[in-house]
Amino acid sequence: MIEPDILIVGAGFAGLYMLHSARKLGLSARVIEAGQDVGGTWYWNRYPGARCDVESFSYSYSFSEELQQDWTWSHRYATQPEILSYARHVADRFDLRKDISFGMRVTSATWNEERLRWQVETDKGQSFAARFLVMATGCLSVPKVPDLPHLEDFRGQVLHTAKWPEQGVDFTGRKVGLVGTGSSAIQSIPIIAREAGHLTVFQRTANFSVPAWNAPVSPAQDRDVKQNYKALRAKGRATHAGDIADEGYVAILGLDEKAREAAFETCWAQGGFSFQYAYSDLMVSEEANRLAADFVRRKIRETVRDPKTAERLCPRDHPLGSKRLCVDTDYYETYNRPNVSLVDLRDEPIERFTPGGLKTSAGQHDFDTLVLATGFDAMTGALTAFDIRGANGMQLRDAWAGGPAAYLGIAVAGFPNFFVITGPGSPSVLASVLLAIEQHVEWLSGLLNHAQTNGIMRIEADRAAQAGWTKRVAKGAEKTLFTKGNSWYLGSNVPGKPRVFMPFADGFCVYEKICNDIAAEGYSGFHLARDLEIAR
Ligand code: NAP
């Protein structure tokens with residue numbers, strides 16, 4: 001039995017930084033990682049075209065000045081292999097690997113009130129008893145294969161974007177069917193289309209996508225960012241999106257038609273999430289959102305030559321941004337290729353899979369390779385995948401049967417000494433996630449340090465404080481248009497999952513201030529107990 005101070009689940013960016021921070025506090029730590037290497041989401045998501053659609057200068061750690069000065073990003077948006085080498089570099093640079101058990105999965109975690117430790121079992125038979133359990137399992141780490149009728153009848157190869165074979169897939173000459181039009185699909189479709197004999201995309205919901213305008217980082221740009229990193233990072237921390245891009249400087253409804261078109265064109269030309277960040281009213285005013293959505297629909301019609309296909313690709317049933325905005329390179333252009341066709345599953349629903357493809361209400365579609373770009377059981381999937389039993393034997397999945405509740409999105413009432421990095425109820429996926437991770441790890445390190453110095457052995461979120469926080473998260477989301485689309489933010493993609501908007505929507509800067517105030521108040525909303533107090 002190994003008895004570390006902290007057991008961390010996951011060696012993605014959250015787990016790596018948590019390990020590094022635990023060591024700095026003088027705590028012993030062990031990381032359990034199912035993959036054979038570090039990287040988390042960037043280890044598993046190797047599909048063609050996988051790259052980060054948040055800009056590299058934002059999607060990178062800021063905690064080490066030496067690291068950010070030494071590392072050079074090749075492109076505005078880094079590819080999956082480049083991000084994975086960055087994660088490996090971080091692991092080696094800070095000598096993290098020696099405290100990580102690779103190829104091992106946690107199967108259960110049970111709170112032992114007498115020992116004030118988490119008893120953790122793994123699939124390799126190795127047991128741990130840790131004072132603190134930190135879930136660094138990621139928000140998008142449990143791939144979702146939907147219930148597709150008679151999928152088992154299909155004889156060809158079935159791939160999921162989030163479980164891509166390490167050796168890659170050669171699509172040359174293949175007939176490919178691809179289900180989904182979210183970020184993973186929108187990144188992979190243009191690349192697969194270039195290789196495949198034919199690609200048929202099966203779309204259920206058309207999504208909004210804006211151009212990435214990806215490009216190499218020039219030496220001058222690299223120099224400039226490195227000289228100004230400190231200021232840029234501080235700027236990012238002061239924004240709602242936690243991103244170094246400018247935000248909220250234009251109210252769409254405050255502009256006349258000419259100025260509005262010019263503003264949209266400017267953002268379109270900048271590319272990426274600036275299209276969402278720029279406007280103060282985009283996610284709160286239906287009218288402002290419709291104007292922006294109309295602009296994107298016009299761009300789709302200008303790009304896609306076949307008018308019928310263009311109409312199918314125009315999203316109509318949700319506000320722009322309410323399902324996560326996609327950022328692409330040549331996505332809409334790909335539908336001008338003669339070897340690509342689009343099937344709208346709203347017009348012709350899937351009846352069943354067949355040995356050679358699938359049959360919709362309109363007829364048979366043949367393919368020999370199926371790509372499922374069907375997403376994840378987001379935000380809670382990894383936390384409810386195995387048995388986590390807190391005080392009084394309560395299971396986390398039972399505690400969350402009506403939807404997740406976590407104080408500050410980091411701690412759960414009834415689950416002492418248990419913490420979630422970027423959990424539901426924190427900005428997480430609505431912020432630049434590397435910064436969201438850093439903020440959580442640093443705040444939690446402050447709490448653990450406070451516990452160390454004050455002899456605190458047991459930390460638990462107060463139930464009433466948690467209920468208040470959950471209400472606040474819901475209220476924040478209700479003020480926005482985020483709740484108006486069927487998105488994974490709401491759990492809509494998982495049948496039976498309670499419809500709860502999971503991320504904190506009021507903004508990263510607002511959230512960080514609340515966390516800091518709570519720390520300054522001596523961690524209000526937490527029960528902090530010394531060993532002796534518990535014994536009494
Ligand atoms: P996703 O956004 O959830 O998209 C899944 C797609 O599969 C949707 O188009 C969905 O349609 C479709 N689908 C699901 N079940 C279906 C069914 N039974 N029949 C037909 N279609 C079905 O998943 P994702 O594309 O993997 O992306 C998830 C998130 O991961 C992103 O939003 C993003 O946050 C993150 N991501 C990030 C990057 C990056 O560059 N940083 C890249 C990829 C992914 P409906 O919309 O109708 O449900």
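Two strands count as paired here if DSSP finds at least two bridges between them. Helices (H or I, at least four residues) and strands (E, at least two) are DSSP runs, numbered from the N terminus. You are looking at a predicted model, where local features need pLDDT of at least 70, side-chain atom pairs count only at pLDDT 80 or more, and totals for chains, interfaces and linings use all residues. Residues are numbered from 1 along each chain as its sequence is written, and side-chain values use heavy atoms, with hydrogens and water left out.

Now widen the selection to strand 19 and strand 20 (residues 415–420), which pair in the antiparallel sense over two bridges. They belong to an open sheet of six strands with mixed pairing, in the order 3-2-1-7-20-19. At its edges you will find strand 3 (100–101) and strand 19 (411–412), each pairing on one side only.

Next, show helix 1 (residues 13–24), which packs on this sheet and touches strand 1 (6–9), strand 2 (29–32), strand 3 and strand 7 (132–135). Contact here means heavy atoms within 4.5 Å. The direction of helix 1 makes about 165° with that of strand 1; axes are lines fitted to C-alpha atoms, for helices over the stretch in contact, and angles run from 0 to 180 degrees between N-to-C directions.

Move on to the open sheet with the order 6-5-4-18, four strands with mixed pairing. Strand 6 (127–130) and strand 18 (387–389) are its edge strands. Inside it, strand 4 (residues 106–112) and strand 5 (residues 117–122) run antiparallel, joined by six bridges. Pick Ala-109 and you can find its bridge partner, Val-120, in strand 5.

**Stop three: the ligand**

Which residues come nearest to the ligand? Select Arg-51, Asp-53, Ser-184, Thr-205 and Lys-323, out of 24 residues around the ligand (a residue is near if one of its heavy atoms lies within 4 Å).

Then look at polar contacts, pairs of N or O atoms within 3.5 Å:

- A polar backbone atom of Asp-53 is 2.8 Å from a ligand oxygen.
- A polar side-chain atom of Lys-323 lies 2.7 Å from an oxygen atom of the ligand.
- An N or O atom in the side chain of Trp-488 is 2.9 Å from a ligand oxygen.

Finally, colour helix 5 (residues 183–195), which gives the most to the shell around the ligand, with three residues.

Notes: A polar contact is a pair of N or O atoms within 3.5 Å; within protein, one must be able to donate a hydrogen and the other to accept it, and residues adjacent in sequence count only if both atoms are side-chain atoms.
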